[in-house]
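Here's a quick briefing to read alongside the model. Keep the viewer open and follow along.

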Amino acid sequence: MSITLRYTTSREQAVSILNDAFMKVFDNISGYDIKRPFKPWFRKIVVNTAINHYQKNSKLPTSVSLELIGDEIDPSETIISGISYREIIKLIQELSPTYRTVFNLYVIEGFKHHEIAEILGISVGTSKSNLSKAKRNLQDKLEKILTVSHQYAR
């Protein structure tokens with residue numbers, strides 16, 4: 001469920017994707033190699049099901065100018081330790097479907113930009129641009145949270 005929550009905007013969508021993933025697991029269990037660990041096989045099915053859901057329900061741009069990528073977020077910045085897992089998931093869910101999917105695939109799942117481009121049918125530049133914008137949006141949301149919490153701390 002934690003995987004599907006990162007790819008959706010609501011718990012209902014996440015449950016639907018998870019149910020679809022379980023159906024795929026049950027339909028393809030005969031193809032599972034018992035010599036390999038189950039969890040990574042299952043995780044791959046869940047991620048692929050989430051990607052399929054995204055592709056069915058969105059219209060992705062086919063290309064973005066590399067000039068739109070802009071400056072990358074400073075890699076030395078750290079995550080705020082005071083934010084909970086649920087708050088982080090909520091922030092990710094607030095991203096647009098395109099940004100959320102690229103962010104999850106790159107940051108959480110560890111895919112490379114060329115792999116994301118192939119999976120989603122976009123250019124590598126578009127993948128990089130979407131990741132940069134997703135990070136910037138998350139950073140803006142975190143800054144707003146900090147500003148509000150700082151104001152209440154006064």
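What follows is a short tour, from the overall layout down to single residues.

This is a predicted model, where local features need pLDDT of at least 70, side-chain atom pairs count only at pLDDT 80 or more, and totals for chains, interfaces and linings use all residues. Residues are numbered from 1 along each chain as its sequence is written, and side-chain values use heavy atoms, with hydrogens and water left out.

**Overall layout**

- The protein has 7 helices and 0 strands, where helices (H or I, at least four residues) and strands (E, at least two) are DSSP runs numbered from the N terminus.
- Going along the sequence, you read the pattern α-α-α-α-α-α-α.
- Of the 154 residues, 34% count as buried; buried means under 20% relative accessible area, exposed over 50%, and partly exposed in between, with a 1.4 Å probe and protein chains only.
- Take the contacts between residues at least 6 apart in sequence: 69% of them join residues at least 24 apart. Contact here means heavy atoms within 4.5 Å.

**Helix α3 against helix α5**

- α3 and α5 pack at an angle of about 160 degrees, and their axes are 11 Å apart. The axes are lines fitted to C-alpha atoms, for helices over the stretch in contact, and angles run from 0 to 180 degrees between N-to-C directions.
- That makes α3 and α5 roughly antiparallel to each other, given that angles under 35 degrees count as roughly parallel, over 145 as roughly antiparallel, 65 to 115 as roughly perpendicular and the rest as oblique.
- The crossing of α3 past α5 is left-handed; a crossing gets that label if the near helix is turned anticlockwise from the far one by less than a right angle, and is right-handed if clockwise.
- On the α3 side, the contact is made by R43, V47, I51 and Y54, and on the α5 side by P97, T98, T101, L105 and I108.
- Sorted by class, the α3 contact with α5 has 6 nonpolar, 2 polar and 1 charged residues. In this scheme Ala, Val, Leu, Ile, Met, Phe, Trp, Tyr, Cys and Pro count as nonpolar, Asp, Glu, Lys and Arg as charged, and the others, Gly among them, as polar.

**Helix α5 against helix α6**

- α5 (residues 97-108) and α6 (residues 113-120) pack at an angle of about 135 degrees, with 10 Å between their axes, which means α5 is oblique to α6.
- α5 passes α6 in a right-handed crossing.
- T101, V102, L105 and Y106 of α5 meet H113, I116 and L120 of α6, and by class this contact has 5 nonpolar, 2 polar and no charged residues.

**Aromatic pairs**

- The count comes to 6 aromatic pairs, where rings of Phe, Tyr and Trp (its six-membered ring) pair if their centres lie within 6.5 Å, and planes under 30 degrees apart count as stacked, over 60 as edge-to-face and the rest as tilted.
- The F22 and F42 rings have centres 5.3 Å apart and planes at 40 degrees, so this pair is tilted.
- That pair links distant parts of the chain, with F22 in helix α2 (residues 11-28) and F42 in helix α3 (residues 38-56), 20 residues apart.
- F38 and F42 form a stacked pair, 5.8 Å centre to centre with 15 degrees between the planes.
- Both F38 and F42 lie in helix α3, 4 residues apart, about one turn of the helix.
- F22 is partly exposed at 34% relative accessible area, and F38 is partly exposed at 38%.
- One aromatic cluster is formed by F22, F26, Y32, F38, W41 and F42.

**Residues worth a click**

- R43 sits in helix α3 and is partly exposed, with a relative accessible area of 32%.
- Not counting residues up to four places away in sequence, R43 touches I3, R6, I108 and E109. R43 and A21 are 22 residues apart in sequence and 9.2 Å apart in space, C-alpha to C-alpha.
- S2 is in helix α1 (residues 2-6) and counts as partly exposed at 36% relative accessibility.
- I145 belongs to helix α7 (residues 124-153) and counts as partly exposed at 39% relative accessibility.
- Leaving aside neighbours within four places in sequence, I145 is in contact with I83 and L91. I145 and I83 are 62 residues apart in sequence and 9.5 Å apart in space, C-alpha to C-alpha.
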